[in-house]
Amino acid sequence: MTAPDLDSLRLLVLVDELGSIGQAAASLGIAQPSASKRLSTVERRLGLVLVDRTRRGSALTPDGRVIAGWASRVLSELDGLLDGAEALRTQHEAQLRIAASMTLAEYLVPGWIGELKRGDPGLYLGLEVTNSDQAAELAREGKVDLGFVESPGPLPGLSTRRVATDRLVLVVPVSHPWARKRRPVTAAELAITPLVVREPGSGTRETVDAALRKAGVGPAKPLLELGSASAVGNAVIAGAGPAVISELAIVRDVAESRLVPVAVEGVDFGRELRAVWPAGRRLAGPAAALLAIAVRNAKSR
């Protein structure tokens, strides 16, 4: 049995999704007779009838739908292979490899990179955006030259340098009762309130839990776990529940009255944002230059 070519598999999947050979052919930019010929070739190679051809049109047979489902998985795996290969190629070619936690990658690192690139326009740089745990692990394993994390605790195996300070803020939508609250929310109130939170491994999540533990009321009670500060903020605006997120992430929404910051009594949500790299390794070249830019910007904030 000869395997069908990838273009024919894409055509078969599109016939299944769009419901006709004509629409599938148009989507691929080929003539309908050519599409029909390709499908006939696939049928001969597999020894199965995949398309039910009638005067009223064509539709996939039950066997055709099964094959189309398998073909879709094959094409998805191929896309994953190509994306992975591109990521590996970029990692090998990059002169400076960076990993940054979500908040830093969204609000601070782009400015530092821009300043570095202005001084060295030819620099090829690769940035991986992930959570703090993963950024630290990539730096620890030497898979990146420099990482930027929000995690509050010790980081074994890594050298660290403070590059910014940040403060987490309790926010609610304008319709929430706390938006009109005249006194601060207590640590105990916050601890028993289900919150929209970041995923485990996030520096923001670790900071919130550590601050509540230090206040003697235990970790946050998750209502909904999301993968970025933007997603958390949007969920709060939509009324999902309160959240504690970086003040860097809420400036515009507070200014435009989509979110309301709420004072919290008895909890310190301040934190340091840090650069990390393998312990014992001396930074040099673009990595050292980027760290210097980050530190300089921290002093000017």
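R205 is buried because its relative accessible area is 13%; buried means under 20%, exposed over 50%, and partly exposed in between (1.4 Å probe, protein chains only). D209 is also buried, at 12%. R205 forms a salt bridge with D209, and their closest N and O atoms are 3.7 Å apart. A salt bridge here is a side-chain nitrogen of Lys or Arg within 4 Å of a carboxyl oxygen of Asp or Glu. R205 and D209 are 4 residues apart in helix 9 (residues 203–214), so about one helical turn separates them. Helices (H or I, at least four residues) and strands (E, at least two) are DSSP runs, numbered from the N terminus.

This is a predicted model: local features need pLDDT of at least 70, side-chain atom pairs count only at pLDDT 80 or more, and totals for chains, interfaces and linings use all residues. Residues are numbered from 1 along each chain as its sequence is written, and side-chain values use heavy atoms, with hydrogens and water left out.

**Salt bridges**

Side chains of opposite charge can pair when their charged atoms come close. A search of the whole structure finds 16 salt bridges. Among them are these:

| Pair | Closest N and O atoms |
|---|---|
| E115 and R296 | 2.5 Å |
| D166 and R271 | 2.9 Å |
| R205 and D209 | 3.7 Å |

E115 forms a salt bridge with R296. This pair links distant parts of the chain: E115 sits in helix 6 (residues 109–119) and R296 in helix 12 (residues 285–300), 181 residues apart. E115 has 24% relative accessibility, so it counts as partly exposed. R296 is partly exposed too, at 45%.

D166 pairs with R271 in another salt bridge. D166 is in strand 6 (residues 158–173) and R271 in strand 13 (residues 270–278), so the pair ties together parts 105 residues apart in sequence. Both residues, D166 and R271, are buried. A network of salt bridges links E150, D166 and R271.

**Helix 1 and helix 2**

Two packed helices are described by the angle between their axes and the distance between the axes. The axes of helix 1 (residues 6–18) and helix 2 (residues 21–28) come within 8 Å and cross at roughly 125°. Helix 1 and helix 2 are therefore oblique to each other (under 35 degrees is roughly parallel, over 145 roughly antiparallel, 65 to 115 roughly perpendicular, the rest oblique). On the helix 1 side, L11, L14, V15 and L18 make the contact; they meet I21, Q23, A24, A25, S27 and L28 in helix 2. Contact means heavy atoms within 4.5 Å.

Conventions. Axes fitted to C-alpha atoms, helices over the stretch in contact; angles between N-to-C directions.
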